[in-house]
Structure formats: structure tokens, C-alpha cells
Amino acid sequence: MAVSVPLSFQFLLSLLLTRAVLSSSEYLIGVGSYDITGPAADVNMMGYANSEQIASGIHFRLRARAFIIAEPQGNRVAFVNLDACMASQIVTIKVLERLKARYGDLYTEKNVAISGIHTHAGPGGYLQYVTYIVTSLGFVRDLLDAGVNRSPSSYLNNPAAERSKYKYNVDKEMTLLKFVDSKLGPIGSFNWFATHGTSMSRTNSLISGDNKGAAARFMEDWFQSGQKIPRRVSTIVSDLSQNRESLNSRLLDIAASYKSSRGQTLDAKVRVRKASFVSAFCQSNCGDVSPNVLGTFCIDTGLPCDFNHSTCNGKNELCYGRGPGYPDEFESTRIIGERQFKMAVGLFNKATEKLEGKIGYQHEYVDFSNLEVTVPKAGGGSETVKTCPAAMGFGFAAGTTDGPGAFDFKQGDDKGKAFWRLVRNVLTTPGPDQIQCQKPKPILLDTGEMKTPYDWAPSILPVQIFRIGQLIILSVPGEFTTMAGRRLRDAVKSFLISLDSKQFGNNLHVVIAGLTNTYSQYIATFEEYEVQRYEGASTLYGPHTLTAYIQEFKKLATALVNGQTLPSGPQPPDLLDNQISLLSPVVVDSTPIGVSFGDVKSDVPPKSTFVRGQQVNATFWSGCPRNDLMTEGSFAVVETLRGEKWVPVYDDDDFSVKFKWSRPGKLSPESQATVEWRIPESAVAGVYRLRHYGASKSLVGSITSFSGSSSAFVVV
């Protein structure tokens, strides 16, 4: 992961909300982006907890995007947005260690936030707690149509008076920061909006940033094209107005002279997209928000699922949500990504409110397994209660309509079945205090009290607040539901105004940055917790978890206003040395006799002509993608002929190109790579070919890079 240091320029920082705002102050700003795709083969994906969802290629690459904002002679904050399922405590710890080694105390856990977009199509095995790596083989304008509430029966359990304050049962507001260099113009934008990264299904095996990663690419490409940066231009054709038949004939003659090449040793990396503009689509309180906006249906009957339990004839595994591109998950990803992108463009172009004022931050580590919390009593007054050691309820195992679970679990189960209690007790039996503390959750996995082979769940969590002028960012280590997020935002906003109404007037903006710095699953409201659907069953620390967060964020807000330094709190464990990996290394790659790595196995048909919207494929003999992750490079490239030179114009970081890898058997040393290109409307007429870059491993362990290309073809 790489982030840029603040640049020696002065910038305008603009905050945009759904009502579009723009304002200015002089800050030092740095933005940066780096490839974090990781292994595109053999590794289990993180998010659905599906042990059969193993990476076998790339839909488009994953990136880390970062901004740093600093006062010229004062405080600074750094925010990193990962195309990953969530932030990891061990990754955060190690990043901070490296920052300290390089910059001393300039960047610490207090002023650095690392957040995940919650894609469920990225490599797993990077979190340090057992619960999150079991399936990963160890450690390795109102925007109305981009999300629906996937647990509406839980939402309805919130007080009617509270629900009446909101038009929708999910948040529709997007908040966007626009970064403008006073000399160079716009250099980036970051926005926060709540919707799950589950447009790609639990059976998908291609690494993908899902709808938020797609939106980021669309925004970056939009800005590049708006700046008239030449990227996809063919010089083969000088006059497109000439006779179409004659043009096609000429292009076919040219293409026919370029046959597929033999694989060749080649140590080079190709990357088409150059990030001069950085756009991040960050996650917010997405806990109960699904991008599968068409609703939930039974796959056996086509009828709507049961409202309260999301089952079909009592079976949760038959109930699935449908995205807007159903049944094509790639199309659903594109549509939901495009809707967020278009909203962001509208806000970007209508900046009206300028950010001004101080930069500040506060951070503390809190033990959520035994935290005293003050709550109101039903008859008046207040009482002190406690949070609980982490535990997951039976409704957790039912999954959600984005990715159902298995067996006979169901959402909304507040009792649990005797058979699964017996299975649970083989691992650990929760004691009476834990059972009472977690009520009405029936405990399926008592993860907070499971320590073999090491901790199953976190107990010490980071809570963090950033101030950038009149913008407040609340970094939370989990997935807040819609109403839980609303309560937290409203509580912090009103509390800050009560502390200092002069500093924080009517233009105070509060956003939640979800899944930040570590991961502790869900945070539901007290009322939603009582229903014990998936989100409530996955609220680890008991029914008062949300109240505990509000209490701790008020403490941070007080320190922020008063300029206090809070104690850092108990330190989270570094469990890196305890990690267990069951993923074997690549032993050797091979090809059939007489075949070289990079040779074409299945070529583009000779004298082929394609039009926009059609798909072109070529398959190559390859090596395991884990030999070389092609970081800041590409496995799959589309080239066009310019004069007598082949120039890369699309790659596997583009939505139109897919890289698919496979082997004939799990233990086979032979493998193939397929490059797929769905020709976009932006492609110009010309001669093209597909190219594959890879690396092979010999028996002695040496790694050799190679490349091969398909026969040429024509796009008209």
C-alpha cells in the first residue's frame, strides 16, 4: 500500500452534499492510488464465508485510494479507502509501524484511518481473528435506486416516532469531498454513501471492486475523458467517412497479416490506466442496505420471500435478492456503480460550500467486551449496564438475501434449535452471565470466549473522529444499520453544537466511514437487536452496543472541542505470529510437450470482424497468477495497431476486460488463461489483438515472466 505525502501546493477543499455545496480554505492536500489486487488464484474470497468461492481471475483490479489533508503549520489527517471487504486490525497495525519507521510520529493511529468499501469479491485471509479467516485457508441528489433495506421487518421494530422523521428506510444521501489544486484544478474526490458491495454473487470467482469499485473507475475515466486525455484512439483509419465496405476490407487485410505469436520470455508490466485524478467511493452505514434493488424472490417458485424470516417454504438458502441487471451480476454491478457515479458527478459539478477551519482528530481503543454504559430506564432516570464478550446468534448462520446461509437456520430466530446448541457446545459452552448479557440473542458461537488456536473475535476496538473544517468523519470498525447510523450521526452532531454552537453551526456535516481500522461485524439498534435477524444476530457485544458507541464518540467529541489528549486505552493484540496458513505454495507450472508459456490455446477466429457490444475471447497456456501478482500491471491487455506499432488501450483494470484463469484439475501443473473483451461503445474502428502476461514457476523455484498475443481482428 502506498499513500502520497502532502504536496507543496495550496488547495481548495470542497464539501458537496446532495444539495451540492462549495467553499474554500487553504490546506495542503495529497492524493494517491495504488494497486492492491493481490492473488488472483486459489485464495478464498472474503465476505460471503463461502469456502467454495475461490478466486480464479479478475473482473477489474482493486486499488487503495488515499487523501491527506494538513494545515500548513498544524494538524493533518490521512484517510485510505481500500477496494477490500473491510479494514483489518493487523494490516492497520503493520501500516502504522511502517509509517512510524519512515515518518516518526507524523502519522499514528490517531490521525490515520483505513477503510474498506465492503466488496465481497476480493481475496480473503488478511484479518487476524479466527472467525474471519476460517473459509480463507488462513492468513493471506437523493440517490433513490442504489440500495434497499434487506431487513425491513427489523427496521419496523424501531419506534414509529423515530421512523416518521425519515422518508425512506435506508439513507439516500451522498456526501462528497472535491479536491482542487489552485493551479492545476481538480485532482480528486472522495464520497460516502451506504450500499452493500454484494452486486457480485457468492458464486462469483473473479476479483472485483463490485459496485463501488466500478463507480470509482467510471468517475476517474469520466474525468480523464473530460480533460481530453487521448487514451483509446486508433490511427489506422485516417478518414472514417470513406466507403464502409472499402474500409472494412482494408482493415481485414491489415489484421490478416498479424497471426498469433508464440509465447516469449518477457519481463514487462503493462498498465493502461494512469491515475492523475483519484476518485474514491467510500462505505458508510450499509449494515442493512442491499444493492439488489428488485427485491427478494424464491429461486424455486419465483415468488417473493417470507417477509419476517427471508425464507422460502422455511428454507433460507432459496431466498435471493435480485439486482437491477438480473440475472447478470456483472450488469447489476455496472448499473449500481453507474448510479453512484452519476450522482457523484452531479455533486462534483455543483460545488457551492467551502470547507473552512481547523483540522483535528481524536482516537481511543476501547474494550467492548465489558464496557459500562449508561442507558435510560423505562420509568425515567438511568441505569448502568454493560456490553458483553462477543457472540453470534443463530440468525447469523442464516446469512442474508444477498448471500443466504445453509442448513435449517433462519433470520429472526430468537430461540435456536437444540441440535445446533449441542454442536456449539463442542467448541465452547456460554456461561449463564454471557447468556443473560446477550439476551434475547440465542448464542450460536461464543466467539469472544473462544481462544483456541487464538482469539476468534476482537474485544478491543478503535473509535476515531476526524474534523476537516465543518466536516466530521466518524470512523467505525463495523457495519452500522441505517437507523443505528442515523442515531450516531444525530447524537454526535447535536452534541458538538451543544458544546460549541459558534464553531459548529447549521452547516455542520457528519458522515460515517464504515468498516474502518478493523472489523467487528454489525451494529444494530436495541430494537433491531430484539428481532434477531442477521444484523442483530451479528451485533457482537450485546443489545447495548450502539449506545456504547454513542457514549464513546461523545467522549471523543468533547476532547476534540476542548483540545484534550485522551488516554490511548488498552492496545489490541498483534496476532501475526499466531496465524496459520493452509494454502500451499505454487509447486511448479508446466505446459504440454512442444508448447510454450504464452502460446495461444484457443485463438480468435481468422478474418474476424466485431462490432461494439460483442465479446472477443482468446485462451493462452499460462502459469499460476500467484507467481506474480502483476501489481500495477496487467494479466490481460487489449492492443490496437497504430501505424506499425501495437499500443495497449484496455487492460484488466477496465470494466470491459476480464481475466479468467483455470487448471484442468486441482493438482494439475498445467493451466490456461482466457482474455475476454466486451467491446465498449468507446472503442474506435481499427485493428486489435488480445495479449496475456503471466509468470511460470520451475521445479527449482525460479520465476519466469512471459507474454503471448492472439491473432489480430477488426472492430468496425
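Questions on a predicted model

Me: Pro 327 is found in the loop between β16 (319-322) and α6 (329-349). What is omega for the peptide bond from Tyr 326 to Pro 327?
Reply: In this predicted model, omega is near 10° and the bond from Tyr 326 to Pro 327 is cis. Another cis peptide bond runs from Thr 452 to Pro 453, with omega near 0°. Pro 453 lies in the loop between β22 (443-445) and β23 (460-468).

Me: What is phi of Asp 210 near?
Reply: Phi of Asp 210 is near 55°, which is positive in a residue other than glycine. Asp 210 belongs to helix α4 (residues 210-226).

Me: Why does Asp 210 count as buried?
Reply: Its relative accessibility is 0%, and buried means under 20%. Asp 210 therefore counts as buried.

Me: How do you know whether Asn 517 is buried or exposed?
Reply: Asn 517 has a relative accessible area of 4%. The limit for buried is under 20%, so Asn 517 is buried. Phi of Asn 517 is near 75°, again a positive value in a residue other than glycine. Asn 517 is placed in the loop between β26 (509-513) and β27 (522-523).

Me: What makes the aromatic pair of Tyr 103 and Tyr 107 edge-to-face?
Reply: The ring centres are 5.5 Å apart, with 80° between the planes. Centres within 6.5 Å make a pair, and planes over 60 degrees apart count as edge-to-face. The pair of Tyr 103 and Tyr 107 is therefore edge-to-face. By this rule the count comes to 31 aromatic pairs.

Me: Why does Tyr 103 count as partly exposed?
Reply: Tyr 103 has 29% relative accessibility. Partly exposed lies between the limits of under 20% for buried and over 50% for exposed, so Tyr 103 counts as partly exposed. Tyr 107, at 4% relative accessibility, counts as buried.

Me: Which residues form one aromatic cluster?
Reply: The cluster consists of Phe 67, Phe 79, Phe 179, Phe 190 and Trp 192. Phe 67 is part of strand β5 (residues 63-70).

Me: How do you know whether Phe 67 is buried or exposed?
Reply: The relative accessible area of Phe 67 is 1%, against a limit of under 20% for buried. Phe 67 is therefore buried. Leaving aside neighbours within four places in sequence, Phe 67 is in contact with residues including Val 31, Val 77, Leu 177 and Ile 468. The C-alpha atoms of Phe 67 and Val 31 are separated by 4.4 Å, although these residues are 36 residues apart along the chain.

Me: Why are α10 and α13 called roughly parallel to each other?
Reply: Helix α10 (residues 482-499) packs with helix α13 (residues 545-562) at an angle of about 30°, and their axes are 10 Å apart. Angles under 35 degrees count as roughly parallel, so α10 and α13 are roughly parallel to each other. The crossing of α10 and α13 is right-handed. Residues making the contact include Ala 484, Leu 488 and Phe 495 of α10, and Tyr 549, Phe 553 and Val 561 of α13.

Me: How do the residues of the contact of α10 with α13 divide into nonpolar, polar and charged?
Reply: There are 13 nonpolar residues, one polar and two charged. Among the contact residues, Arg 487 of α10 and Lys 554 of α13 count as charged, since Arg and Lys are in that class.

Notes
Residues are numbered from 1 along each chain as its sequence is written. This is a predicted model: local features need pLDDT of at least 70, side-chain atom pairs count only at pLDDT 80 or more; totals for chains, interfaces and linings use all residues. Side-chain values use heavy atoms; hydrogens and water are left out. Axes are lines fitted to C-alpha atoms, for helices over the stretch in contact, and angles run from 0 to 180 degrees between N-to-C directions. Helices (H or I, at least four residues) and strands (E, at least two) are DSSP runs, numbered from the N terminus. Angles under 35 degrees count as roughly parallel, over 145 as roughly antiparallel, 65 to 115 as roughly perpendicular and the rest as oblique. A crossing is left-handed if the near helix is turned anticlockwise from the far one by less than a right angle, and right-handed if clockwise. Contact means heavy atoms within 4.5 Å. Rings of Phe, Tyr and Trp (its six-membered ring) pair if their centres lie within 6.5 Å; planes under 30 degrees apart count as stacked, over 60 as edge-to-face and the rest as tilted. Buried means under 20% relative accessible area, exposed over 50%, partly exposed in between (1.4 Å probe, protein chains only).
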